[in-house]
Amino acid sequence: MIRLGVPSKGRLMEQTFDWFADRGVRLSRSGSDREYAGRVEGADDVSLVLLSAGEIPRELVAGRIELGVTGTDLVREKLPGWASDLIEITPMGFGHADLILAVPDCWRDCDNLDDLTSIARDFRAAHDFRLRIATKYHRLVRAWLAEHEVADYQLVDSQGATEGTVANQTAEAIADITSSGATLQANNLKILSEEPILRSQATLFANRVAADGPEMARFLAQLGVAV
Ligand SMILES: Nc1ncnc2c1ncn2[C@@H]1O[C@H](COP(=O)(O)OP(=O)(O)OP(=O)(O)O)[C@@H](O)[C@H]1O
Ligand SMILES: O=P(O)(O)OC[C@H]1O[C@H](OP(=O)(O)OP(=O)(O)O)[C@H](O)[C@@H]1O
């Protein structure tokens with residue numbers, strides 16, 4: 001049996017259902033909106049497990065699901081060395097979002113990371129703490145800033161409504177996912193001019209060990225994708 005983990009709600013769930021339906025596999029929730037049980041029609045020996053998108057990377061590595069749909073951002077953030085445990089089977093063409101760093105619009109002299117570096121240095125000299133960047137993507141943001149030799153900052157954890165932290169004065173800058181840009185605009189934030197920290201999209205992942213079996217090869221062939 002192949003256990004397929006799919007996000008349990010929202011657009012990501014609906015677009016995942018559409019993607020499989022286009023390939024002849026009908027996924028559905030059984031019961032009410034609150035019931036996280038699912039049904040699979042059109043494929044043998046496949047069961048549906050509805051999970052939070054953020055938990056799918058961990059469940060894949062633990063081998064509690066063999067296949068899973070989630071954003072590449074969540075896999076890279078939550079699983080250092082993910083490629084030794086998981087295989088990226090195919091990007092799915094939806095759930096596109098960029099992980100970016102943004103600062104207040106009113107910081108006229110801050111357009112790129114060099115500007116931020118000098119602002120952060122001055123900030124540290126003027127205050128008795130370092131410039132705060134709110135994010136839930138700790139690992140990816142730290143690695144990116146280290147790569148660009150930015151050191152005078154601290155991360156503050158924000159698990160939601162991250163763009164609001166600047167107005168609420170719990171951070172000076174944010175690093176979060178953006179898609180349309182509407183949330184940044186509504187919160188008077190602008191993106192630094194560098195390339196995004198990461199470009200993410202919904203992707204089908206497999207547990208590397210499970211990917212070897214004949215059942216998996218059959219199912220992936222039915223979907224028109226290969227390991
Ligand atoms: N505005 C957006 N547009 C497109 N994709 C997005 C957007 N916001 C988040 N995502 C993507 O959706 C995936 C799920 O994100 P996130 O974990 O924030 O979802 P959630 O619905 O809050 O999940 P949870 O069930 O854990 O509460 C991530 O891969 C993320 O990149
Ligand atoms: O660029 P946009 O199209 O405006 O999308 C970006 C927003 O979408 C996500 O939030 P979500 O709605 O998942 O809520 P969250 O704040 O709880 O993460 C993300 O964290 C941004 O806040």
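Among the contacts in the chain between residues at least 6 apart in sequence, 66% join residues at least 24 apart, where two residues are in contact if their C-beta atoms, placed from the backbone, lie within 7 Å. This is a predicted model, in which local features need pLDDT of at least 70 and side-chain atom pairs count only at pLDDT 80 or more, while totals for chains, interfaces and linings use all residues. Residues are numbered from 1 along each chain as its sequence is written, and chains are lettered from A and ligands numbered from 1 in the order in which they are written.

The chain has eight helices and 13 strands, these being DSSP runs numbered from the N terminus (helices H or I, at least four residues; strands E, at least two). Its C-alpha trace spans about 65 × 35 × 25 Å along the principal axes. Of the 227 residues in the chain, 32% are buried, a residue being buried if 20 or more other C-beta atoms lie within 10 Å of its own, exposed if 12 or fewer, and partly exposed in between, with C-beta atoms placed from the backbone.

The chain is divided into domain 1 (2-96 + 201-223) and domain 2 (97-199), with bounds that come from an automatic or database domain assignment. Taken over C-alpha atoms, the centres of domain 1 and domain 2 are separated by 31 Å. The contact takes seven residues from domain 1 and eight residues from domain 2, and α3 gives the most to the side of domain 1 that touches domain 2, with three residues. By class, that side of domain 1 has one nonpolar, three polar and three charged residues, where Ala, Val, Leu, Ile, Met, Phe, Trp, Tyr, Cys and Pro count as nonpolar, Asp, Glu, Lys and Arg as charged, and the others, Gly among them, as polar.

In soluble globular proteins, nonpolar side chains tend to be buried together. Leaving aside its neighbours within four places in sequence, A173 is in contact with L101, A102, V103, L131 and I133.

Which residues are the closest to ligand 1? They are S52, A53, G71, A97 and S179, out of 14 that surround ligand 1, where a residue counts as near a molecule if its C-beta atom, placed from the backbone, lies within 6 Å of it. The elements α1 (10-21), β5 (67-71) and α3 (72-78) each give two or more residues to this shell. At least three residues of the shell around ligand 1 come from each of domain 1 and domain 2, and its residues divide into five nonpolar, eight polar and one charged.

Around ligand 2, the surrounding residues include G160, E163, D176, S179 and T183. β10 and α7 (182-186) are the elements that give two or more residues to the shell around ligand 2, and the largest share, three residues, comes from β10. By class, this shell has three nonpolar, seven polar and two charged residues.
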